Amino acid sequence: MSHKEHSALNRRQFLARFGAGTVALVAGFDLIARQWVPEAAAAENSAFATVPPLDGTLVFDAASLAANAHDQGNIVFLRPCAVLRPGSVQDIRKMVGFCADHGIEVAPAGAHHAMFGQPLVSGGLVIEMRSLDTIHSIGTDGADVDAGVLWQDLIEAAYERGLTPASVTSYLGTTVGGTLSMGGIGMMSAYRAGAQVDHADRLQVVTGDGRLRWCSGTQDTDLFEAALAGLGQCGVITRATVDLVPAKRLARTYRIGYQDIPTFFRDVRVLANRGEFDSLGSIPQPGTAQPLTLWATVFHNPGDAPDTSHLLRGLSPAAATAAFEDSPYLDYISLVTTMYDSFAANLDWDAKVKPWSDLFLPDDAVEEYVASVFSSLTAQDLGPTGFGLIFPMLRSSYRRPLLRLPSDAGGPWVWLVSVLTDAARSGPDPDFAARMMDRNYRFYQDAAAVGGVRYPHGACAFTAADWRAHYGSMWPRFSEWKQRYDPCGILTPGPGIF
(Lines give C-alpha, C1' and ligand atoms only; values in the text may rest on other atoms or scores of the structure.)
Protein backbone atom coordinates (compact mmCIF):
# COMPACT_ATOMS: atom_id res chain seq x y z
CA MET A 1 0.00 0.00 0.00
CA SER A 2 1.40 3.43 -0.89
CA HIS A 3 1.51 6.26 1.65
CA LYS A 4 -1.12 8.11 -0.36
CA GLU A 5 -3.42 5.10 -0.29
CA HIS A 6 -2.83 4.65 3.45
CA SER A 7 -3.62 8.27 4.22
CA ALA A 8 -6.78 8.07 2.15
CA LEU A 9 -8.29 5.39 4.38
CA ASN A 10 -11.07 6.81 6.48
CA ARG A 11 -11.75 5.39 9.92
CA ARG A 12 -14.50 3.01 8.82
CA GLN A 13 -12.38 1.64 5.96
CA PHE A 14 -9.50 1.13 8.38
CA LEU A 15 -11.68 -1.09 10.57
CA ALA A 16 -13.04 -3.07 7.66
CA ARG A 17 -9.61 -3.73 6.23
CA PHE A 18 -7.83 -4.58 9.49
CA GLY A 19 -10.58 -6.47 11.26
CA ALA A 20 -11.21 -4.24 14.28
CA GLY A 21 -14.94 -4.07 13.79
CA THR A 22 -15.74 -4.40 17.52
CA VAL A 23 -13.95 -1.17 18.42
CA ALA A 24 -16.15 1.89 19.04
CA LEU A 25 -14.91 4.70 16.83
CA VAL A 26 -15.21 8.40 17.54
CA ALA A 27 -16.73 10.91 15.13
CA GLY A 28 -16.31 14.08 17.15
CA PHE A 29 -16.57 15.88 20.48
CA ASP A 30 -19.85 17.29 21.83
CA LEU A 31 -18.91 20.76 23.06
CA ILE A 32 -22.02 21.10 25.24
CA ALA A 33 -22.15 17.68 26.89
CA ARG A 34 -18.31 17.52 26.93
CA GLN A 35 -18.19 13.97 25.66
CA TRP A 36 -17.12 12.07 22.58
CA VAL A 37 -19.69 11.25 19.91
CA PRO A 38 -19.50 7.76 18.38
CA GLU A 39 -19.79 7.38 14.63
CA ALA A 40 -22.92 5.30 15.15
CA ALA A 41 -24.66 8.28 16.80
CA ALA A 42 -23.26 11.02 14.58
CA ALA A 43 -26.35 11.20 12.41
CA GLU A 44 -28.51 12.10 15.42
CA ASN A 45 -26.11 14.69 16.86
CA SER A 46 -24.93 17.55 14.73
CA ALA A 47 -23.67 19.78 17.56
CA PHE A 48 -20.17 18.43 17.77
CA ALA A 49 -16.69 19.26 16.54
CA THR A 50 -15.62 16.68 13.97
CA VAL A 51 -12.31 15.01 14.67
CA PRO A 52 -9.69 15.36 11.93
CA PRO A 53 -9.05 12.48 9.51
CA LEU A 54 -6.59 10.02 11.00
CA ASP A 55 -4.25 7.29 9.79
CA GLY A 56 -4.91 5.33 12.99
CA THR A 57 -7.99 5.01 15.18
CA LEU A 58 -9.69 7.02 17.89
CA VAL A 59 -11.76 4.73 20.10
CA PHE A 60 -13.76 4.82 23.32
CA ASP A 61 -14.94 1.27 23.86
CA ALA A 62 -15.03 0.02 27.45
CA ALA A 63 -12.05 -2.33 27.13
CA SER A 64 -9.77 0.36 25.69
CA LEU A 65 -10.76 2.88 28.33
CA ALA A 66 -10.28 0.38 31.17
CA ALA A 67 -6.84 -0.61 29.91
CA ASN A 68 -5.78 3.03 30.05
CA ALA A 69 -7.36 3.85 33.42
CA HIS A 70 -4.45 2.60 35.57
CA ASP A 71 -0.71 2.11 35.45
CA GLN A 72 1.69 -0.41 36.97
CA GLY A 73 1.26 1.06 40.45
CA ASN A 74 -2.48 0.24 40.62
CA ILE A 75 -2.93 3.12 43.07
CA VAL A 76 -4.38 5.87 40.88
CA PHE A 77 -7.40 5.10 38.66
CA LEU A 78 -8.46 7.74 36.13
CA ARG A 79 -10.68 6.82 33.22
CA PRO A 80 -10.13 8.66 29.93
CA CYS A 81 -12.97 9.42 27.52
CA ALA A 82 -11.11 8.23 24.42
CA VAL A 83 -7.92 6.50 23.30
CA LEU A 84 -5.86 7.41 20.25
CA ARG A 85 -3.92 4.62 18.54
CA PRO A 86 -1.90 6.74 16.15
CA GLY A 87 -1.02 5.47 12.73
CA SER A 88 1.44 8.33 12.26
CA VAL A 89 3.02 11.23 14.09
CA GLN A 90 0.60 13.49 12.22
CA ASP A 91 -2.26 11.80 14.10
CA ILE A 92 -0.73 12.97 17.37
CA ARG A 93 -0.19 16.47 16.04
CA LYS A 94 -3.77 16.70 14.79
CA MET A 95 -5.39 15.34 17.95
CA VAL A 96 -3.28 17.38 20.37
CA GLY A 97 -4.23 20.47 18.37
CA PHE A 98 -7.89 19.39 18.39
CA CYS A 99 -7.79 18.87 22.14
CA ALA A 100 -6.10 22.23 22.70
CA ASP A 101 -8.85 23.94 20.70
CA HIS A 102 -11.56 22.33 22.83
CA GLY A 103 -9.97 22.18 26.29
CA ILE A 104 -9.52 18.40 26.41
CA GLU A 105 -6.66 17.08 28.53
CA VAL A 106 -4.17 14.70 26.87
CA ALA A 107 -1.70 12.17 28.23
CA PRO A 108 0.74 10.01 26.23
CA ALA A 109 1.12 6.47 27.57
CA GLY A 110 3.98 4.13 26.70
CA ALA A 111 4.24 0.85 28.59
CA HIS A 112 2.22 2.12 31.60
CA HIS A 113 5.19 1.35 33.86
CA ALA A 114 4.72 4.50 35.97
CA MET A 115 3.63 3.94 39.56
CA PHE A 116 1.46 6.92 40.46
CA GLY A 117 -0.85 7.89 37.62
CA GLN A 118 1.65 9.89 35.58
CA PRO A 119 0.27 8.69 32.20
CA LEU A 120 -3.40 8.89 33.20
CA VAL A 121 -6.09 11.47 32.48
CA SER A 122 -9.65 11.80 33.74
CA GLY A 123 -12.19 12.38 30.99
CA GLY A 124 -9.59 13.28 28.39
CA LEU A 125 -7.55 11.59 25.67
CA VAL A 126 -4.84 8.97 26.17
CA ILE A 127 -2.38 8.46 23.30
CA GLU A 128 -1.11 4.89 23.10
CA MET A 129 2.47 5.52 21.96
CA ARG A 130 3.33 1.85 21.47
CA SER A 131 1.73 1.90 18.02
CA LEU A 132 4.66 4.06 16.85
CA ASP A 133 7.49 1.56 17.22
CA THR A 134 9.81 1.88 14.23
CA ILE A 135 13.58 1.73 14.63
CA HIS A 136 14.59 4.00 11.76
CA SER A 137 18.35 3.53 11.91
CA ILE A 138 21.15 2.20 14.09
CA GLY A 139 24.81 3.13 13.78
CA THR A 140 27.84 4.48 15.58
CA ASP A 141 26.27 7.93 15.41
CA GLY A 142 23.27 6.71 17.44
CA ALA A 143 19.84 5.17 17.06
CA ASP A 144 16.93 7.03 15.48
CA VAL A 145 13.74 5.53 16.91
CA ASP A 146 10.06 6.22 17.41
CA ALA A 147 9.05 7.04 20.97
CA GLY A 148 7.00 3.84 21.27
CA VAL A 149 10.00 1.55 20.77
CA LEU A 150 10.77 -0.62 23.81
CA TRP A 151 14.30 -0.38 25.17
CA GLN A 152 14.50 -4.18 25.09
CA ASP A 153 13.90 -4.17 21.33
CA LEU A 154 16.40 -1.37 20.73
CA ILE A 155 19.07 -3.07 22.84
CA GLU A 156 18.68 -6.34 20.96
CA ALA A 157 18.74 -4.63 17.56
CA ALA A 158 21.79 -2.54 18.48
CA TYR A 159 23.61 -5.54 19.94
CA GLU A 160 23.43 -7.29 16.58
CA ARG A 161 25.61 -4.44 15.30
CA GLY A 162 27.99 -4.57 18.25
CA LEU A 163 26.42 -1.56 19.98
CA THR A 164 24.34 -0.78 23.05
CA PRO A 165 22.70 2.33 24.54
CA ALA A 166 25.10 4.44 26.59
CA SER A 167 22.72 4.36 29.57
CA VAL A 168 20.30 1.54 30.32
CA THR A 169 17.34 1.41 32.67
CA SER A 170 16.94 -1.55 35.01
CA TYR A 171 13.59 -2.60 33.52
CA LEU A 172 13.67 -2.76 29.73
CA GLY A 173 9.95 -3.16 29.07
CA THR A 174 9.64 0.63 29.00
CA THR A 175 9.46 2.89 25.96
CA VAL A 176 12.10 5.30 24.73
CA GLY A 177 9.68 8.22 24.95
CA GLY A 178 8.55 7.22 28.42
CA THR A 179 11.97 7.12 30.05
CA LEU A 180 13.16 10.24 28.23
CA SER A 181 10.15 12.06 29.67
CA MET A 182 10.92 10.73 33.16
CA GLY A 183 14.73 10.71 33.22
CA GLY A 184 15.76 7.11 32.66
CA ILE A 185 18.04 5.68 35.35
CA GLY A 186 19.10 2.18 36.33
CA MET A 187 21.91 0.28 37.97
CA MET A 188 22.50 -2.32 35.26
CA SER A 189 25.07 -0.11 33.54
CA ALA A 190 26.77 3.25 33.34
CA TYR A 191 26.79 4.60 36.91
CA ARG A 192 29.30 7.13 35.58
CA ALA A 193 27.53 7.89 32.29
CA GLY A 194 24.44 9.76 33.46
CA ALA A 195 20.76 9.17 32.80
CA GLN A 196 19.17 8.30 29.48
CA VAL A 197 18.12 11.94 29.06
CA ASP A 198 21.83 12.82 29.05
CA HIS A 199 22.26 10.66 25.95
CA ALA A 200 19.43 12.01 23.82
CA ASP A 201 20.83 14.03 20.92
CA ARG A 202 17.72 15.06 19.03
CA LEU A 203 13.97 14.92 19.63
CA GLN A 204 10.79 15.24 17.62
CA VAL A 205 8.11 16.74 19.85
CA VAL A 206 4.45 17.65 19.51
CA THR A 207 3.84 20.68 21.71
CA GLY A 208 0.59 21.38 23.53
CA ASP A 209 -0.61 23.70 20.76
CA GLY A 210 -0.39 20.88 18.19
CA ARG A 211 2.87 21.92 16.55
CA LEU A 212 5.40 19.30 15.39
CA ARG A 213 8.95 20.44 16.10
CA TRP A 214 12.49 19.08 16.03
CA CYS A 215 14.84 20.14 18.80
CA SER A 216 18.34 19.41 20.08
CA GLY A 217 21.15 20.99 22.05
CA THR A 218 21.68 23.43 19.19
CA GLN A 219 18.16 23.73 17.72
CA ASP A 220 15.17 24.98 19.72
CA THR A 221 17.15 24.26 22.87
CA ASP A 222 14.49 25.41 25.35
CA LEU A 223 12.03 22.83 24.04
CA PHE A 224 14.77 20.19 24.13
CA GLU A 225 15.45 20.87 27.81
CA ALA A 226 11.74 21.16 28.59
CA ALA A 227 10.94 17.77 27.05
CA LEU A 228 13.80 15.76 28.61
CA ALA A 229 12.76 14.70 32.13
CA GLY A 230 9.90 17.18 31.80
CA LEU A 231 7.25 14.60 32.77
CA GLY A 232 5.30 15.33 29.58
CA GLN A 233 4.39 18.86 30.68
CA CYS A 234 5.58 20.72 27.59
CA GLY A 235 5.25 18.24 24.75
CA VAL A 236 4.80 14.67 23.58
CA ILE A 237 8.10 13.10 22.53
CA THR A 238 7.38 11.22 19.30
CA ARG A 239 10.86 10.36 18.01
CA ALA A 240 14.41 10.48 19.37
CA THR A 241 18.04 9.97 18.46
CA VAL A 242 19.96 8.38 21.36
CA ASP A 243 23.63 7.60 21.86
CA LEU A 244 25.04 4.12 21.29
CA VAL A 245 28.43 2.82 22.42
CA PRO A 246 30.38 -0.37 21.61
CA ALA A 247 28.94 -3.41 23.38
CA LYS A 248 31.05 -6.09 25.02
CA ARG A 249 29.93 -9.69 24.90
CA LEU A 250 30.12 -10.83 28.52
CA ALA A 251 29.33 -9.57 32.00
CA ARG A 252 31.07 -10.74 35.16
CA THR A 253 29.13 -9.96 38.33
CA TYR A 254 30.71 -10.20 41.80
CA ARG A 255 28.36 -10.52 44.77
CA ILE A 256 29.55 -9.50 48.22
CA GLY A 257 27.39 -9.69 51.34
CA TYR A 258 27.71 -7.10 54.12
CA GLN A 259 26.51 -7.21 57.70
CA ASP A 260 26.95 -3.49 58.42
CA ILE A 261 26.12 -0.39 56.43
CA PRO A 262 29.36 1.62 56.87
CA THR A 263 31.49 -1.19 55.44
CA PHE A 264 29.16 -1.55 52.47
CA PHE A 265 29.38 2.15 51.63
CA ARG A 266 33.14 2.24 52.17
CA ASP A 267 33.69 -0.57 49.66
CA VAL A 268 31.26 0.84 47.11
CA ARG A 269 32.96 4.23 47.26
CA VAL A 270 36.38 2.63 46.74
CA LEU A 271 35.12 0.83 43.64
CA ALA A 272 33.14 3.81 42.35
CA ASN A 273 36.08 6.19 42.64
CA ARG A 274 38.35 3.78 40.75
CA GLY A 275 35.87 3.50 37.90
CA GLU A 276 36.93 -0.02 36.90
CA PHE A 277 33.45 -1.55 37.15
CA ASP A 278 30.54 -0.85 34.82
CA SER A 279 27.74 -1.34 37.35
CA LEU A 280 27.57 -1.04 41.13
CA GLY A 281 24.68 -1.37 43.54
CA SER A 282 22.81 -3.41 46.09
CA ILE A 283 19.92 -5.70 45.17
CA PRO A 284 18.96 -8.06 48.02
CA GLN A 285 16.77 -11.06 47.48
CA PRO A 286 13.08 -10.20 46.88
CA GLY A 287 11.26 -9.69 50.15
CA THR A 288 14.34 -8.36 51.96
CA ALA A 289 16.27 -5.13 52.44
CA GLN A 290 19.12 -6.37 54.64
CA PRO A 291 21.79 -7.61 54.73
CA LEU A 292 23.10 -5.47 51.90
CA THR A 293 24.41 -7.39 48.91
CA LEU A 294 26.75 -5.57 46.55
CA TRP A 295 26.53 -6.39 42.87
CA ALA A 296 29.65 -5.22 41.04
CA THR A 297 29.69 -5.95 37.31
CA VAL A 298 32.38 -5.49 34.70
CA PHE A 299 31.75 -6.01 30.98
CA HIS A 300 34.40 -7.81 28.96
CA ASN A 301 35.02 -9.80 25.79
CA PRO A 302 35.98 -13.48 25.42
CA GLY A 303 39.67 -13.99 26.03
CA ASP A 304 39.88 -10.88 28.21
CA ALA A 305 38.79 -12.25 31.58
CA PRO A 306 38.78 -9.76 34.47
CA ASP A 307 41.51 -9.99 37.12
CA THR A 308 39.57 -10.59 40.33
CA SER A 309 42.40 -9.85 42.74
CA HIS A 310 43.09 -6.56 40.97
CA LEU A 311 39.45 -5.47 40.82
CA LEU A 312 38.75 -6.24 44.49
CA ARG A 313 42.04 -4.98 45.93
CA GLY A 314 41.93 -2.95 49.09
CA LEU A 315 38.37 -3.83 50.04
CA SER A 316 37.11 -4.98 53.43
CA PRO A 317 37.46 -8.62 54.54
CA ALA A 318 33.90 -9.19 53.31
CA ALA A 319 35.25 -9.18 49.74
CA ALA A 320 37.28 -12.31 50.46
CA THR A 321 34.07 -14.32 50.17
CA ALA A 322 33.01 -12.70 46.89
CA ALA A 323 31.49 -15.08 44.37
CA PHE A 324 31.23 -14.20 40.71
CA GLU A 325 29.15 -15.31 37.76
CA ASP A 326 29.80 -14.81 34.05
CA SER A 327 26.85 -14.31 31.74
CA PRO A 328 26.20 -13.08 28.21
CA TYR A 329 25.77 -9.31 28.06
CA LEU A 330 22.14 -9.48 26.94
CA ASP A 331 21.25 -11.92 29.71
CA TYR A 332 22.80 -9.67 32.34
CA ILE A 333 21.28 -6.44 31.09
CA SER A 334 17.85 -8.15 31.07
CA LEU A 335 18.04 -9.60 34.60
CA VAL A 336 15.52 -7.24 36.16
CA THR A 337 13.25 -7.48 33.14
CA THR A 338 13.34 -11.27 33.27
CA MET A 339 12.58 -11.21 37.00
CA TYR A 340 9.60 -8.88 36.67
CA ASP A 341 8.26 -10.72 33.64
CA SER A 342 8.41 -13.92 35.70
CA PHE A 343 6.52 -12.22 38.53
CA ALA A 344 3.89 -11.06 36.05
CA ALA A 345 3.53 -14.52 34.54
CA ASN A 346 3.38 -16.47 37.80
CA LEU A 347 2.37 -14.15 40.65
CA ASP A 348 -0.24 -11.87 39.04
CA TRP A 349 2.31 -9.09 39.66
CA ASP A 350 0.77 -6.68 37.16
CA ALA A 351 -2.40 -6.51 39.28
CA LYS A 352 -0.62 -5.82 42.59
CA VAL A 353 -0.48 -2.43 44.28
CA LYS A 354 3.10 -1.11 44.04
CA PRO A 355 3.69 1.97 46.20
CA TRP A 356 7.36 2.38 45.28
CA SER A 357 9.54 5.03 46.88
CA ASP A 358 12.40 6.42 44.74
CA LEU A 359 14.68 9.06 46.23
CA PHE A 360 18.08 10.60 45.48
CA LEU A 361 20.30 11.12 48.55
CA PRO A 362 23.48 13.17 48.75
CA ASP A 363 26.69 11.30 49.49
CA ASP A 364 27.21 12.92 52.89
CA ALA A 365 23.79 11.84 54.20
CA VAL A 366 23.08 8.50 52.56
CA GLU A 367 24.55 6.17 55.19
CA GLU A 368 22.55 7.56 58.07
CA TYR A 369 19.41 7.68 55.94
CA VAL A 370 19.73 4.05 54.78
CA ALA A 371 20.49 2.89 58.33
CA SER A 372 17.35 4.61 59.60
CA VAL A 373 14.96 3.61 56.81
CA PHE A 374 16.09 0.09 56.04
CA SER A 375 16.14 -0.97 59.70
CA SER A 376 12.52 0.18 60.04
CA LEU A 377 11.16 -1.84 57.12
CA THR A 378 8.68 -4.58 57.92
CA ALA A 379 7.51 -7.51 55.83
CA GLN A 380 4.55 -5.38 54.73
CA ASP A 381 6.89 -2.55 53.70
CA LEU A 382 8.44 -4.87 51.13
CA GLY A 383 5.97 -7.61 50.26
CA PRO A 384 6.96 -10.97 48.81
CA THR A 385 8.59 -9.55 45.67
CA GLY A 386 9.73 -6.11 46.84
CA PHE A 387 13.21 -5.09 47.99
CA GLY A 388 15.45 -2.21 48.93
CA LEU A 389 17.67 -0.85 46.16
CA ILE A 390 20.79 1.32 46.47
CA PHE A 391 23.23 2.45 43.80
CA PRO A 392 25.63 5.35 43.25
CA MET A 393 25.60 7.85 40.39
CA LEU A 394 28.35 10.32 39.48
CA ARG A 395 26.60 13.63 39.89
CA SER A 396 28.67 15.52 37.31
CA SER A 397 27.47 13.19 34.53
CA TYR A 398 23.82 14.24 35.02
CA ARG A 399 23.26 17.43 33.06
CA ARG A 400 19.55 17.88 32.28
CA PRO A 401 18.05 20.66 34.40
CA LEU A 402 14.64 19.07 34.97
CA LEU A 403 16.08 15.83 36.36
CA ARG A 404 16.54 17.18 39.85
CA LEU A 405 19.42 15.93 41.98
CA PRO A 406 20.86 16.85 45.38
CA SER A 407 23.31 19.74 45.50
CA ASP A 408 26.90 18.95 44.60
CA ALA A 409 27.82 20.37 48.01
CA GLY A 410 26.94 16.94 49.40
CA GLY A 411 29.78 15.24 47.53
CA PRO A 412 30.52 13.92 44.03
CA TRP A 413 28.20 10.94 44.33
CA VAL A 414 24.41 10.82 44.40
CA TRP A 415 22.67 7.66 45.58
CA LEU A 416 19.34 6.29 44.47
CA VAL A 417 17.63 4.76 47.49
CA SER A 418 14.45 2.89 46.63
CA VAL A 419 11.97 0.84 48.61
CA LEU A 420 10.17 -1.15 45.93
CA THR A 421 7.08 -2.28 47.79
CA ASP A 422 4.67 -4.82 46.30
CA ALA A 423 1.41 -5.88 47.92
CA ALA A 424 1.09 -9.43 49.19
CA ARG A 425 -2.06 -10.02 47.11
CA SER A 426 -3.23 -8.86 43.73
CA GLY A 427 -6.14 -6.49 43.21
CA PRO A 428 -6.98 -3.00 44.51
CA ASP A 429 -6.24 -2.33 48.18
CA PRO A 430 -6.96 1.34 48.99
CA ASP A 431 -6.16 1.00 52.71
CA PHE A 432 -2.77 -0.57 52.05
CA ALA A 433 -2.02 2.02 49.36
CA ALA A 434 -2.96 4.89 51.70
CA ARG A 435 -0.70 3.60 54.50
CA MET A 436 2.23 3.14 52.14
CA MET A 437 1.65 6.55 50.56
CA ASP A 438 1.83 8.17 53.99
CA ARG A 439 5.03 6.22 54.62
CA ASN A 440 6.52 7.33 51.29
CA TYR A 441 5.84 10.96 52.07
CA ARG A 442 7.61 10.54 55.43
CA PHE A 443 10.54 8.95 53.58
CA TYR A 444 10.57 11.95 51.25
CA GLN A 445 10.40 14.51 54.05
CA ASP A 446 13.26 12.82 55.91
CA ALA A 447 15.31 12.77 52.70
CA ALA A 448 14.53 16.40 51.87
CA ALA A 449 15.64 17.43 55.35
CA VAL A 450 19.18 16.22 54.55
CA GLY A 451 19.27 17.49 50.96
CA GLY A 452 17.53 14.58 49.23
CA VAL A 453 15.32 14.84 46.15
CA ARG A 454 12.50 12.70 44.78
CA TYR A 455 12.80 10.76 41.53
CA PRO A 456 9.22 11.25 40.26
CA HIS A 457 8.73 7.72 38.98
CA GLY A 458 7.67 6.46 42.40
CA ALA A 459 4.43 6.91 44.33
CA CYS A 460 4.53 10.01 46.48
CA ALA A 461 1.71 12.56 46.66
CA PHE A 462 3.13 16.05 46.16
CA THR A 463 1.42 19.33 46.94
CA ALA A 464 1.88 22.40 44.75
CA ALA A 465 4.38 23.66 47.32
CA ASP A 466 6.29 20.35 47.14
CA TRP A 467 6.61 20.66 43.37
CA ARG A 468 7.88 24.23 43.63
CA ALA A 469 10.43 23.13 46.21
CA HIS A 470 11.38 20.15 44.04
CA TYR A 471 12.26 22.32 41.05
CA GLY A 472 13.79 25.03 43.18
CA SER A 473 15.62 27.61 41.06
CA MET A 474 14.27 25.94 37.91
CA TRP A 475 10.63 26.56 38.86
CA PRO A 476 10.24 29.98 37.17
CA ARG A 477 11.86 28.69 33.99
CA PHE A 478 9.84 25.48 33.96
CA SER A 479 6.63 27.47 34.50
CA GLU A 480 7.51 29.75 31.59
CA TRP A 481 8.18 26.73 29.36
CA LYS A 482 4.81 25.26 30.35
CA GLN A 483 3.00 28.46 29.39
CA ARG A 484 4.92 28.77 26.14
CA TYR A 485 4.69 25.18 24.88
CA ASP A 486 1.35 24.16 26.43
CA PRO A 487 -0.60 27.44 26.52
CA CYS A 488 -3.96 25.72 27.09
CA GLY A 489 -2.58 23.56 29.92
CA ILE A 490 -3.84 20.26 28.50
CA LEU A 491 -0.74 18.04 28.58
CA THR A 492 -0.12 15.23 31.05
CA PRO A 493 -2.10 16.36 34.10
CA GLY A 494 -1.33 13.15 36.07
CA PRO A 495 1.67 14.41 38.06
CA GLY A 496 -0.30 17.48 39.23
CA ILE A 497 2.61 19.88 38.80
CA PHE A 498 0.79 22.93 37.41
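There are 24 aromatic pairs in this structure, where a pair means Phe, Tyr or Trp rings (for Trp, the six-membered one) with centres within 6.5 Å; planes under 30 degrees apart are called stacked, over 60 edge-to-face, and the rest tilted. Keep in mind that this is a predicted model: local features need pLDDT of at least 70, side-chain atom pairs count only at pLDDT 80 or more, and totals for chains, interfaces and linings use all residues. Residues are numbered from 1 along each chain as its sequence is written, and side-chain values use heavy atoms, with hydrogens and water left out.

| Pair | Centre to centre | Angle between planes | Type |
|---|---|---|---|
| W475 and F498 | 5.1 Å | 20 degrees | stacked |
| F478 and F498 | 5.1 Å | 70 degrees | edge-to-face |

W475 belongs to helix α16 (residues 475–485), while F498 sits in the segment after α16, 23 residues apart. Helices here are DSSP runs of H or I with at least four residues, strands are E runs with at least two, and both are numbered from the N terminus. F478 is in helix α16 too, so its pair with F498 ties together parts that are 20 residues apart in sequence.

W475 is buried at 17%, and F478 is buried at 0%. (Buried is under 20% relative accessible area, exposed is over 50%, and partly exposed is in between, using a 1.4 Å probe and protein chains only.)

Elsewhere, the charged end of R252 sits over the ring of F324, 3.9 Å from its centre. The test for that is NZ of Lys or CZ of Arg within 6 Å of the ring centre and within 35 degrees of the ring normal.

Now for a sheet. Four strands make an open sheet in the order β4-β5-β7-β6, with mixed pairing; strands pair if DSSP finds at least two bridges between them. At the edges are β4 (57–59) and β6 (106–109), each pairing on one side only. Strands β5 (residues 82–85) and β7 (residues 125–128) run parallel and are joined by three bridges, and L84 stands opposite I127 in β7. Helix α4 (residues 89–102) packs on the sheet and touches β4, β5, β6 and β7, contact being heavy atoms within 4.5 Å.

Terms used:
Axes are lines fitted to C-alpha atoms, for helices over the stretch in contact, and angles run from 0 to 180 degrees between N-to-C directions.
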